[in-house]
Amino acid sequence: MRFGMLLIRLMLGLTFIIHGSQKVFSGFGEPMHMMQGLGLPAFLGILLALFEFIGGILIILGILTNYIALGFIVIMLGALFTVHLSQGYMASEFVITLLIMSIAVATSYNWKKFFQFY
């Protein structure tokens, strides 16, 4: 079980690092424009890109794993319902897969430890 979850964490983290780095290293223009197009403040695009990039690194390292996975769940639900779902399953399957992977990571760790802050 632990090895399987490690593989999921590694792939999930790598995917978010790659997608986040594209947004971060291109100057945040695309995510800011996307957020404005959704009627949201542009700075949320910067937060999104940074969370994807840094969160991907942290989830690979196993740091704050539950919190990062919950953030990924929120991001994937947002992507699914604002963009991908209206385009059908084939356009949504990657987002759904990342969502399910994030749920698996978030629910596989000790919930008692999850609510402890130290």
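Me: Which helix gives the most to the lining of the largest pocket?
Reply: Helix 4 does, with eight residues. Keep in mind that this is a predicted model.

Me: What else lines the largest pocket, and which residues lie nearest its centre?
Reply: The lining holds 25 residues. Nearest the centre are Met-34, Glu-52, Ile-75, Met-76 and Ala-79. The elements that give two or more residues are helix 1, helix 2 (29–37), helix 3, helix 4 and helix 5 (89–108). The space in the largest pocket is about 560 Å³.

Me: Why does Glu-52 count as buried?
Reply: Its relative accessibility is 4%. Buried means under 20%. Therefore Glu-52 counts as buried.

Me: What does Glu-52 touch, and where does Glu-52 lie?
Reply: Glu-52 lies in helix 3. Leaving out residues up to four places away in sequence, Glu-52 touches Phe-16, Ile-17, His-19, Gly-20, Lys-23, Phe-72 and Ile-75. A touch here is a contact, with heavy atoms within 4.5 Å.

Me: What makes Ile-18 partly exposed?
Reply: Ile-18, in helix 1, has a relative accessible area of 42%. Exposed needs over 50%, and buried needs under 20%. The value falls in between, so Ile-18 is partly exposed. The C-alpha atoms of Ile-18 and Thr-97 are separated by 16 Å, and the two residues are 79 apart along the chain.

Me: How many aromatic pairs does a search of the whole structure find?
Reply: The search finds three.

Me: Why is the pair of Phe-25 and Phe-53 called edge-to-face?
Reply: The centres are 5.5 Å apart, and the planes make 80 degrees. Rings pair if their centres lie within 6.5 Å, and planes over 60 degrees apart count as edge-to-face. Both values qualify, so the pair is edge-to-face.

Me: What does the pair of Phe-25 and Phe-53 tie together?
Reply: Phe-25 lies in helix 1 (residues 2–25) and Phe-53 in helix 3 (residues 43–61), so the pair ties together parts that are 28 residues apart in sequence.

Me: Is Phe-25 buried or exposed?
Reply: Its relative accessible area is 63%. The cut-off for exposed is over 50%, so Phe-25 is exposed.

Me: How do you know that the pair of Phe-51 and Phe-72 is edge-to-face?
Reply: The ring centres lie 5.7 Å apart, and the planes stand at 85 degrees. Over 60 degrees counts as edge-to-face, so the label holds. The pair links helix 3, which holds Phe-51, to helix 4 (residues 65–84), which holds Phe-72, across 21 residues. Ring pairs link Phe-16, Phe-51 and Phe-72 into a cluster.

Me: Why do Phe-51 and Phe-72 get their accessibility labels?
Reply: Phe-72 has a relative accessible area of 0%. That is under 20%, so Phe-72 is buried. Phe-51 has 29%. That lies between 20% and 50%, so Phe-51 is partly exposed.

Definitions and conventions
Residues are numbered from 1 along each chain as its sequence is written. This is a predicted model: local features need pLDDT of at least 70, side-chain atom pairs count only at pLDDT 80 or more; totals for chains, interfaces and linings use all residues. Side-chain values use heavy atoms; hydrogens and water are left out. Rings of Phe, Tyr and Trp (its six-membered ring) pair if their centres lie within 6.5 Å; planes under 30 degrees apart count as stacked, over 60 as edge-to-face and the rest as tilted. Helices (H or I, at least four residues) and strands (E, at least two) are DSSP runs, numbered from the N terminus. Buried means under 20% relative accessible area, exposed over 50%, partly exposed in between (1.4 Å probe, protein chains only). On a 1 Å grid over the protein atoms alone, a cavity is a set of points where a 1.4 Å probe fits but cannot get out, and a pocket is an open set with protein on both sides within 12 Å along at least five of seven lines; lining residues have an atom within 4 Å of a point. Grid points are joined across faces, edges and corners, and a volume is the space filled by probe spheres set on the points.
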